[in-house]
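The structure is a predicted model, and the text should be read alongside the coordinates.

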Amino acid sequence: MPEAVVIGGGIGGLTAAAALSKAGWRVTVCERAPSLEPVGAGIAIAPNALAALDTIGAGDDVRELSAIQGEAGIRRSDGRWLVRTSAEAASERFGDPTVLMPRGTLVDLIASRVPQESLRLGTTVESVDPVTGRVSTSAGDLTADLVVAADGIHSRTRQALFPGRPGPVYAGVTSWRLITPWPSAVTGGESWGPGQVFGVMPLAGDQVYCYATAPAPAGAGGGQAAEKAELLRLFGGWHDPIPGLLAAAPQESVLRHDLYALARPLPALHSGRVVLLGDAAHAMTPNLGQGACQAIEDAVVLAAVADPAAYTEARLARTSAIMRRSWSICRLTRWSNPVAVRARDAVMAMAGRSGATLRSFDDVFAWRPPRP
């Protein structure tokens, strides 16, 4: 039985462990944290990721949590629609909905498909030899036929494999995320203002996931009470229900993170026996909602092709294109000049009326996993 070591117990690493185990590999997951604690509040699982999760038997469990219905799209800060569609139209076009769910729920669903004996929590990976597959850890050495580096945006493995490549760069905006109770129906989607974005996404169980971005110096920010106050200052005058959602949000639910991403794609996603997966391979801004989705795709493709070079061939072009597109949208959201904002909004409204916006996601959402 071939041996695989997975570095990192996040969504991508766990999906890789589940997919490889199902494909007949003996897998060891090294996670430095003492428990599988998800980072972040909510997560969007798009149709392409749902198709990938079907390969490990988790897709239908995620579909049951779908809560977005009716109108969706992008609005201005005053509530006027720029791009308007419906969740039903998107689901009909792509064969599946986009499911918003708490990140912890997804982690639990995927982890339940990983053999419990595969998990080594509280284990730090110290070095990896791409030639021999030896993985040195705080609990001793391991040797594997395949090493999967899913160790995040600041991946030490990526730095070791590609020492001349620049690391992640600050995208110029910080982000806030929160989950708040809300018993009334809300319309899902994003609202764009000068340099700012606010997203509202209904979850199952009378909860709403909210996220926001705005330009800020890297490393700024205070405690959670200060962050809630900052959100109210920035977005408290926007259209309903945004002010009410912020007022109802428990301050301890507010998370703030500066956004970093790789400015340029890597030349390859593997070296020797080691492959890079998820943020370690192609850290991107969240503007397409594809960060975790691409990590899930990576995992099931890797299990299907079972070869590092074939994995790079299958994944590099696709993930590089999505990285660049996310960066482009991030730059658009940062525009604050009134003339530029009006021009941007006019173009978006025109695209929305023509139906081009939904069609533009065909190449992202229509992806389906390869057969083993």
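## Helix packing and cores

Helix α5, which spans residues 103–111, and helix α1 have axes that come within 9 Å of each other and cross at roughly 20 degrees. Because angles under 35 degrees count as roughly parallel, α1 and α5 are described as roughly parallel to each other. The crossing in which α1 passes α5 is left-handed. On the α1 side the contact is made by Ile11, Leu14 and Thr15, and these meet Arg103, Leu106, Val107, Ile110 and Ala111 of α5. Sorted by class, the residues of this contact are 6 nonpolar, 1 polar and 1 charged.

The buried residues of α5 are Arg103, Leu106, Val107, Leu109, Ile110 and Ala111. Their cover includes the helices α1, α2 and α3 (59–63), together with the strands β3 (42–45), β6 (99–102) and β12 (169–181).

Helix α1 (residues 11–22) also packs against helix α10 (residues 291–305), at an angle of about 25 degrees and with the axes 8 Å apart. That angle makes α1 roughly parallel to α10, and the crossing of these two helices is right-handed. In this contact Ile11, Gly12, Thr15, Ala16, Ala19 and Leu20 of α1 meet Ala292, Ala295, Ile296, Ala299, Val300 and Ala303 of α10. The residues involved divide into 10 nonpolar and 2 polar, with no charged residue among them.

Helix α2 (residues 47–54) is another partner of α10, and the axes of the two come within 9 Å and cross at roughly 35 degrees. The crossing of α2 and α10 is left-handed. Asn48, Ala49, Ala52 and Leu53 of α2 make the contact with Cys293, Gln294, Ile296, Glu297 and Val300 of α10, and by class these residues are 6 nonpolar, 2 polar and 1 charged.

| Helix pair | Axis distance | Crossing angle |
|---|---|---|
| α1 and α5 | within 9 Å | roughly 20 degrees |
| α1 and α10 | 8 Å | about 25 degrees |
| α2 and α10 | within 9 Å | roughly 35 degrees |

The largest nonpolar core has 75 residues, and those with the most contacts inside it are Ile45, Leu53, Val62, Leu106 and Val148. Helix α10 gives the most to this core, with 9 residues. Leaving aside residues up to four places away in sequence, Ile45 touches Leu50, Leu53, Val62, Pro97, Thr98, Val99, Met101, Leu106, Cys293 and Ile296. A second, separate core of 18 residues includes Val208, Cys210, Leu234 and Leu246.

Where does Glu227 sit, and is Glu227 buried or exposed? Glu227 is placed in helix α7, which covers residues 224–235. With a relative accessible area of 3%, Glu227 is buried, because buried means under 20% relative accessible area. When residues up to four places away in sequence are not counted, Glu227 touches Trp176, Gly221, Gly222, Val254 and Arg256. Of these contacts, Arg256 lies 29 residues from Glu227 in sequence, and the two are 7.4 Å apart in space, C-alpha to C-alpha.

Technical notes:
Residues numbered from 1 in each chain as written. Predicted model: local features only at pLDDT ≥ 70, side-chain atom pairs only at ≥ 80, totals over all residues. Heavy atoms only, no water. Axes fitted to C-alpha atoms, helices over the stretch in contact; angles between N-to-C directions. Helix = DSSP H or I, 4+ residues; strand = E, 2+ residues; numbered from the N terminus. Parallel < 35°, antiparallel > 145°, perpendicular 65-115°, else oblique. Left-handed = near helix turned anticlockwise from the far one by under 90°. Contact = heavy atoms within 4.5 Å. Nonpolar A, V, L, I, M, F, W, Y, C, P; charged D, E, K, R; others polar. Core = buried A, V, L, I, M, F, W, Y, C linked by side-chain atoms within 4.5 Å. Buried < 20%, exposed > 50% of the residue type's maximum accessible area, 1.4 Å probe, protein only.
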